[in-house]
Structures are given as C-alpha cells and as structure tokens.
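Biologist: I have a new model open and would like to learn how to read it. Could you take me through it feature by feature?

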Amino acid sequence: MAKEVTNRAENYSQWYNDLALKADLAEQSAVRGCMVIKPYGYAIWEKMQSTLDAMFKRTGVQNAYFPLFIPKSFFSREAEHVAGFAKECAVVTHHRLMNDPEGKGVIVDPDARLEEELIVRPTSETIIWSTYKNWITSWRDLPVLCNQWCNVVRWEMRTRLFLRTAEFLWQEGHTAHATSQEAEAKANEMVNVYADFARNVMALPVIIGHKSPNERFAGALDTLTIEAMMQDGKALQAGTSHFLGQNFAKSFDVQFTNKEGKQEYVWATSWGVSTRLMGALIMAHGDDNGLVLPPKLAPIQVVMVPIYKTDEERSAVLDKFAVLKAELEAQGHSVRIDDRDTLRPGFKFAEWELKGVPVRLAMGARDLASGTVEIARRDTLEKTTVPIEGLGARIIALLDDIQQNIYDKALAFRNANIRKCDSWEEFKTEIQKGGFLLCHWDGTAETEQKIKDETKATIRCIPMDSVVCEEEGTDIYSGKPSHRRVVFAISY
RNA sequence: CGGGGUGUGGCGCAGUUGGCUAGCGCAUCUGGUUUGGGACCAGAGGGUCGUGUGUUCGAGUCACAUCACCCCGACCA
C-alpha cells in the first residue's frame, strides 16, 4: 500500500499541502485564498487559544472585541501604517442586493452605495485607537491591556494553507501605557510569552530578536519576533510584538493627564499570533507518515485500537479499554477508543499516525491472556508491550518524554542548520541550501535590501537569545565594520 | 499583474492524428471470507467531460472566448 503522504524531501511544499488536507486539519474553500478549518484542525487551534489566553491573563491582559469593519477615513490617519496595508484590503462599498432586472440572479443594488466605504480589518490598530481615545483621559486609566481573538482579512496575491490565507484567525493585543519604558517592557514581556508558548507547548525552538527596520511592522518603532526554522530550512515568523511608540496615540489623539496635570500622548504596543502557527506545527514536526503533534496540543493524546477475531474478544478488549480510558481521563488526558468495526487495525494505525496522535495503545487476544498492552509512540514509531498495571503513570511519563523529544529533535535540526558565514561568495550559494546564516551586517537598510535583491534572503532577526552573536567583524556584503552577527534566511 | 500548468463520477487520473455505448484506480453500496501494520473475492450504483460560441456528418478531443484552481515570480506584521 502506497504511503498517503508524500516524501518531505521530494517536494516539500506539496508534502505540506497534502498533509494539511489528509490529516483532516483544513481544506480549500470555494472562496479565493480562504480555507475551511475542519473540526480536527480547529481542535488544535482551540488548544492553542486556551493555553495562550491563560498565559495572557497571567500578565494582566483582558479580552475585548472590536468591529470587523473600519471606516476608510480611519486609515488616512497613520500614513506609514496605511502604506503597509493599502494594497491588500477588502472594501465594502454597498449594503444591499436586489434581483437582476434581466432575471440573471442577484446583483448589487447600485442605489445602496455606502457614503463612506468600510474596510474589512487587516489588523485593528486604527479602530482600537479611535476607541481608546474615549477610554483614556487620566494616568489613572492606564495601562489599558486588551486582547481580541478574531479574524482578519488580507487580500494577498498568493496564498498558502495556514501560512498565508486571505482570511485568518488570530489574536491581537493592544496596550496603552503612560511611559515609553513601560510600553517597551510590555512588548518585551509579550514576545517572551510567545517564545515560552512556542518552546514549551508547541515544542518549537524559536529565536527571539528584533526585526531590522526594513522588516518592521508598518507604524512601529521596534518589532520583536520569534523566528522558527522549518524542515526545509526556511524561516517562519511565528509571532511578533511591536513597540509602537506614540505614533498611533498622535494619529488618533489619545492623550492623558499625567500626575503633574500635563497632557501627554500614551505609549503603545501591539502583538499577535495567528493560525499560521498551525502551519508551523505541521512543518516543524511532521514526517513521512504524517503529522506529529506535541502532546500538549494534541486533541487526542492516547488512542486505543482493539484487535479481535470474535465478538467475545471484541467486547473483552473494549471493556478493558473502557477501564483504562476512565483512569487516563481522570489524570486529565484526552483518550479515544477506536471501536469502528468496519476498519482493520492496520488501517487505523496508519490513520492515527497521519493525524499525529502521540500515543497509541493496541490490545488483542494475546494481551488479554498475558495482561499486557502494546504502546506505540508517534514521535519515534517505537512499539513496546507492557503490563497493564501501572499504565497511568507510564502514560504520564511517556507523554512528557514525547513532548521533550519532539522539542529536542527540532532543536537539534535547527542547530545543525545554523552556521556562520563570512564570505559574500559563499553566502550566495550557502543561503540557497536553506538554514540560518549568522552574518555580520553593517546596520543599513541599503545593504539589507541589496542582499535581498540578489539572494531573496532577509534578516530574520537581530537575535536577543539562543545564539551568541556579539563580536566584532565586517559586513558580509559591504565590508563595513559590524559589532554583531544577525540571522539571515529565506523565509515563508 | 507576468511566466507555466490543470479543469473528465466524491477523490486521483487515462482517453492517440476528431469516430461508434467515455474508461481506470481509490472511495461508496450489497453479499461472503477476513481482522497483531493501510484486506480479498463477486456483484452494483454514480458523468450535461469547467462554461459559452464556433468548425464538422460527427467534438472529451480542433478554434476562439470566458471562468476557476495550482505552481514559479512580483507582493506580504
């Protein structure tokens, strides 16, 4: 029987796409560039949401909700910001449909044109800051720490499942502070929350760093990022946190009276992660057998597959499974008994592997006789037969071990694909092989742009952790003096 | 928006220089045998060949138009 999922090495992008579809995470929708997230995929997203949400709340952030539609005029306030998004906005111009007078279905009623067009939010800074203006008058009102879970729309020219869809789900946090220091500290705190989540929940090693000015968010003074490496060696920006300075406060006139009775503009941050993280999960951990989910995000952590020849065997095994399931669920694990009797065990094994379930238990007549159960772990595909006694404790340890092992594997891969590069000639060929190149950079936008034009590589970040970069050297392209290395890569 | 490609049962595809009743694999349904790594046998159902116009005795096949999707670019917190 042929593998359902293609080999990663042959065509990475096709492998990725097939896996997302076949693992039942999502499908292409009839709407251009949009996707349908299916129940299994959405269950993973829900786990991401609830985990992140709890982490946000521990930092004092509260959830709120702002409108989907943004009046066009709001966009004319912050020039740099609008320039960054103008080319990819969906615009609502009418509010009514009517029957086609010529009988050909439905048309837009030409008389129902909106006085002012509404923009479907590509991000919510503008609508939120116009709202914050009414919320903030005194230093006592600060800080404002809001997050919203919502959808946004960006009419990208080219889309990819999860990584760049026309509509996507995300969270966007928007905070207002009395001082620059406090805002910067918040931006820093949130990027660390993201890194913590990526590393410890997604088992995704990331590098925290600053974006270069070229790669900054439109309207930000500083953009902090977590950068991950996918298995084809490309970089994926997994989350960003922006220090916005007073740009939006000034554009939307958000001032407060400070303790000295003077008017001051507030200082702002915004930060977000999206369903792109689902793409990261697939590309960082997946293998030729399918998805590999970290236990902390797996909608089903343990699946039980009964093996039987007769009805008696079937019910005996299922009875045992029911007891084990109750025990594991009492420990807080999510368990599924696959009692479909139309499918053979081999088919089920393959299917649950495709879906990335971390632990699979199989039990048949042999096990009933000997009081054992077969445990298979998804990350290494190893199978062992163990006594049923003590299974609960064994599963706890095993899930922890799998979580750690997936992270270690991804980390080892990333470290094996980070290398220093000090020669421009070498850089041009090395960068095409994938991976991160640590290179000296003179700090100018011109040099960065030229490197991008010639190689498509960009500065993914100026690292703050994970890799040691502080050292004297000369820019790889211009030869000018440099005090530190930065991460170059080809990105998604 | 440029370059390339693909549209044929639910999915994946074949269909030659136009030709007779449009095929194959998977999936589905029925019956039986199976069941510790993606079962097998027998039978059955399911198609306005993306859409439109044209050429022709005759179009899945040719021409023109049009729409959709995919890949590579350009673009992209």
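Modeller: Gladly! Of the 492 residues in chain A, 41% count as buried, where buried asks for 20 or more other C-beta atoms, placed from the backbone, within 10 Å of the residue's own. This is a predicted model, in which local features need pLDDT of at least 70 and side-chain atom pairs pLDDT 80 or more, while totals for chains, interfaces and linings use all residues. Residues are numbered from 1 along each chain as its sequence is written, and chains are lettered from A and ligands numbered from 1 in the order in which they are written.

Biologist: Into which domains is chain A divided?

Modeller: Domain bounds come from an automatic or database domain assignment. Here they give domain 1 (12-96 + 125-285), domain 2 (302-402) and domain 3 (418-489). The centres of domain 2 and domain 3, over C-alpha atoms, are 49 Å apart.

Biologist: How many helices and strands does chain A have?

Modeller: Helices (H or I, at least four residues) and strands (E, at least two) are DSSP runs, numbered from the N terminus. Chain A has 13 helices and 26 strands. Its radius of gyration is 26 Å, close to the 23 Å from the globule rule for 492 residues, so chain A is as compact as a globular protein of that length. That radius is taken over C-alpha atoms, and the rule is 2.2 Å times the number of residues to the power 0.38.

Biologist: Which residues come nearest to RNA strand B?

Modeller: A residue is near a strand if its C-beta atom, placed from the backbone, lies within 6 Å of it. Of the 44 residues around RNA strand B, Met157, Gly346, Ala350, Gly364 and Arg366 come nearest. Several elements give two or more residues to this surface, among them α1 (12-22), β13 (235-245) and α10 (365-370). Helix α9 gives the most, with eight residues.

Technical notes: A residue is buried if 20 or more other C-beta atoms lie within 10 Å of its own, exposed if 12 or fewer, and partly exposed in between; C-beta atoms are placed from the backbone.
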